[in-house]
Amino acid sequence: MTSPSGSTDISLRPIDPTRRAVSPDAGLSPRATRVTPVDVGVFGGSGLYELFDDVEHVEVATPYGPPSAPIAVSEIPSDGGAIRVAFLPRHGRRHHLPPHLINYRANVWALHHLGARRILSPCASGSLQPDIHPGDLLVCDQLVDRTSGRPSTFFDGPTVNHVSFGDPYCPHLRSTVAARAVAAGATVHSTGTVVVIDGPRFSTRAESAWYRAQGWQVINMTQAPEAALCRELGICHSALAVVTDYDAGVDRPGTAPVTQDEVYAAFAAMMPQIRGIIVGVLASLDRERACDCDAATNGLTPDPPHDLVGPG
Ligand SMILES: [Zn+2]
């Protein structure tokens with residue numbers, strides 16, 4: 001269903017010319033209405049609620065419930081021809097979803113169902129190290145999941161699938177993102193570990209100092225389970241940590257614990273640059289993937305949730 005220039009069979013219920021809906025069994029019982037699939041997905045973080053002006057909004061109902069918002073589909077020119085992009089603000093368009101209540105499974109499923117096999121994931125992050133400064137960008141290559149209680153897998157049985165997650169992010173997509181960030185003039189850390197906490201509160205000084213002592217670089221509230229869910233569906237995923245602040249335990253004299261307003265303001269100030277980097281990445285992607293991310297699925301696909309399985 002992912003031919004870049006072809007179409008895919010998914011069921012659609014048109015609402016108006018710029019707003020369409022995909023039925024609740026999307027991805028489970030394909031029907032005849034045809035829609036051109038997208039190539040790449042983008043999750044918008046805090047402060048990034050729109051990517052392009054000329055979009056078609058598609059409402060996707062997934063087996064896991066609704067995603068955070070209607071998905072904005074657009075098409076931009078690229079080195080390999082036009083590329084179709086699906087943008088989804090993970091906190092909702094009004095930032096009404098805190099990180100622990102985001103329906104990550106619905107979000108990832110929706111973009112995958114629309115055809116996305118690569119997902120860019122900018123995310124606001126705090127620095128855990130004194131040499132990583134607000135305004136810097138970090139392309140994550142490792143992740144430590146400190147969240148709990150979030151639905152974190154598509155494989156709830158009967159099919160069991162233990163996907164490889166030693167390297168949680170796509171190496172090719174990471175290098176492309178890093179190159180475009182450097183080209184944009186940003187201060188870029190091309191590797192680093194993101195520790196993911198539930199939030200929504202920020203860390204205590206002791207928690208933050210412990211994370212720093214482990215040698216981890218940045219802290220965030222949304223990369224888990226997002227990255228793992230992408231891996232389970234064979235999606236290339238790359239997280240661009242947008243450093244908005246020093247976390248509470250960073251040993252810098254006079255550094256006060258971060259506030260919500262400071263994070264939002266810092267992220268918003270960096271948005272023009274982040275948007276430019278994302279557009280640059282999209283425009284430079286090859287049509288075909290040159291990585292092994294798809295093989296991580298072990299050739300298995302998730303079972304439909306039980307409440308959507310038909311009789312018999
Ligand atoms: Zn990949």
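This is a predicted model: local features need pLDDT of at least 70, side-chain atom pairs count only at pLDDT 80 or more; totals for chains, interfaces and linings use all residues.

Me: Which elements cover the buried residues of H1?
Reply: The cover includes strands E5 (40–44), E6 (56–60), E7 (71–76) and E8 (83–89). Strand E9 and helix H4 (223–232) are also part of it.

Me: And which residues of H1 are buried?
Reply: Among them are Tyr-104, Arg-105, Trp-109, His-112 and His-113.

Me: What comes just after H1?
Reply: Gly-115, with a positive phi of about 120°.

Me: Switching to H2. How many residues does it have, and how far does it reach?
Reply: H2 runs over residues 171–183, which is 13 residues. From first C-alpha to last it reaches 18 Å, close to the 18 Å expected.

Me: Which of its residues are buried?
Reply: Leu-173, Arg-174, Thr-176, Val-177, Ala-178, Arg-180 and Ala-181.

Me: What do they pack against?
Reply: Strands E9 (118–127), E10 (137–139), E12 (188–189) and E15 (236–246), plus helix H5 (260–284).

Me: What follows H2?
Reply: Gly-185 follows, and its phi is positive, near 90°.

Me: Now the whole protein. How many helices and strands?
Reply: There are 5 helices and 15 strands. Of the 312 residues, 46% are buried.

Me: What share of contacts with a separation of 6 or more joins residues 24 or more positions apart?
Reply: Such pairs account for 81% of those contacts.

Notes
Residues are numbered from 1 along each chain as its sequence is written. Helices (H or I, at least four residues) and strands (E, at least two) are DSSP runs, numbered from the N terminus. The expected span of a helix is 1.5 Å times one less than its number of residues. A residue is buried if 20 or more other C-beta atoms lie within 10 Å of its own, exposed if 12 or fewer, and partly exposed in between; C-beta atoms are placed from the backbone. Two residues are in contact if their C-beta atoms, placed from the backbone, lie within 7 Å.
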